[in-house]
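Here is a short briefing on one protein chain. Please look over the sequence and the model first.

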Amino acid sequence: MLQSELSLIQVCIAQHSESRRNLVLAEEAGSRGDLERGCLHRALAFGQKIHADKARLTLEGLGQSLSSDGDMSSEARAQVMEELSSMAMTAATERQSLIESLILQIMKAAMNHSSLSKQRAQPISSYHVCQVCGFIAKDTPPERCPVCRAHAAQFDVVR
Ligand SMILES: [Zn+2]
């Protein structure tokens with residue numbers, strides 16, 4: 001298996017476990033009555049699930065499959081995020097342009113996710129998740145997704 005394919009498996013596992021973690025956090029926030037936080041975590045979970053699914057589908061398309069969903073520690077997760085750009089470079093050297101562009105897209109949307117999750121919860125009306133790349137916009141969807149250029153119609157609302 002190529003290094004870039006192994007990287008993609010790591011991305012898939014990391015995004016999958018992040019997504020599940022955010023669903024748990026959304027439930028916790030909901031039970032505290034913190035609706036804004038609950039909404040943010042649901043939006044993040046949705047965006048991360050898009051990444052995990054895309055990585056998995058790409059791997060399947062390349063003839064690779066994931067034996068299990070797996071789970072990762074927060075350190076391992078952080079490390080994967082840091083390594084994303086070197087993964088993209090490896091994919092480029094191996095001329096795996098499909099993996100390279102997918103990793104770059106996931107990286108951009110993941111930075112958007114981490115800046116959103118660091119922000120203090122504010123009274124917002126909604127989050128809009130790009131179904132193509134997982135980018136999350138607050139309040140209103142952009143005319144074009146800043147990460148993948150998808151149209152506003154490709155955004156799903158999370159309240
Ligand atoms: Zn997008």
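This is a predicted model: local features need pLDDT of at least 70, side-chain atom pairs count only at pLDDT 80 or more; totals for chains, interfaces and linings use all residues.

Residues are numbered from 1 along each chain as its sequence is written.

The chain comes to 4 helices and 3 strands. Both kinds of element are DSSP runs numbered from the N terminus: helices are H or I with at least four residues, strands are E with at least two.

**Overall fold**

- Along the sequence, the pattern reads α-α-α-α-β-β-β.
- Of the 159 residues, 38% count as buried. Buried means that 20 or more other C-beta atoms lie within 10 Å of the residue's own; exposed means 12 or fewer, and partly exposed is in between, with C-beta atoms placed from the backbone.
- Among contacts between residues at least 6 apart in sequence, 64% join residues at least 24 apart. Two residues are in contact if their C-beta atoms, placed from the backbone, lie within 7 Å.

**Helix 1**

- Helix 1 has 30 residues and reaches 43 Å from its first C-alpha to its last. That is close to the 44 Å expected at 1.5 Å a residue; the expected span is 1.5 Å times one less than the number of residues.

**Nonpolar core**

- The largest nonpolar core holds 36 residues, and Ala43, Ile103 and Val129 touch the most other members. Such a core is a set of buried Ala, Val, Leu, Ile, Met, Phe, Trp, Tyr and Cys residues joined through C-beta atoms within 7 Å.
- Two or more residues each come from helix 1 (3-32), helix 2 (35-61), helix 3 (74-93), helix 4 (97-118), strand 1 (127-130) and strand 3 (155-158).
- Helix 2 gives the most to this core, with 9 residues.
- Leaving aside neighbours within four places in sequence, Ile103 is in contact with Val11, Leu84, Met87, Ala88 and Ala91.

**Helix 2 against helix 4**

- These two helices pack at an angle of about 170°, with axes 11 Å apart. Axes are lines fitted to C-alpha atoms over the stretch in contact, and angles run from 0 to 180 degrees between N-to-C directions.
- Helix 2 is therefore roughly antiparallel to helix 4, a term for angles over 145 degrees.
- On the helix 2 side, the contact residues are Leu40, Leu44, Gly47, Gln48, His51, Lys54, Ala55 and Thr58. Helix 4 meets them with Leu98, Ile99, Leu102, Ile106, Ala109, His113, Leu116 and Ser117.
- The residues of this contact divide into 9 nonpolar, 6 polar and 1 charged. Ala, Val, Leu, Ile, Met, Phe, Trp, Tyr, Cys and Pro count as nonpolar, Asp, Glu, Lys and Arg as charged, and the others, Gly among them, as polar.

**Loop residues**

- Glu94 sits in the loop between helix 3 and helix 4. Glu94 is partly exposed, with 14 other C-beta atoms within 10 Å.
- Leaving aside neighbours within four places in sequence, Glu94 is in contact with Leu2 and Ser4. The C-alpha atoms of Glu94 and Ser4 are separated by 7.7 Å, although these residues are 90 apart along the chain.
- Arg95 lies in the loop between helix 3 and helix 4. Arg95 is not a glycine, yet has a positive phi of about 55°. Arg95 is exposed, with 9 other C-beta atoms within 10 Å.
- Arg149 lies in the loop between strand 2 (136-138) and strand 3. Phi of Arg149 is positive, near 70°. Arg149 is exposed, with 11 other C-beta atoms within 10 Å.

Terms used. Angles under 35 degrees count as roughly parallel, over 145 as roughly antiparallel, 65 to 115 as roughly perpendicular and the rest as oblique.
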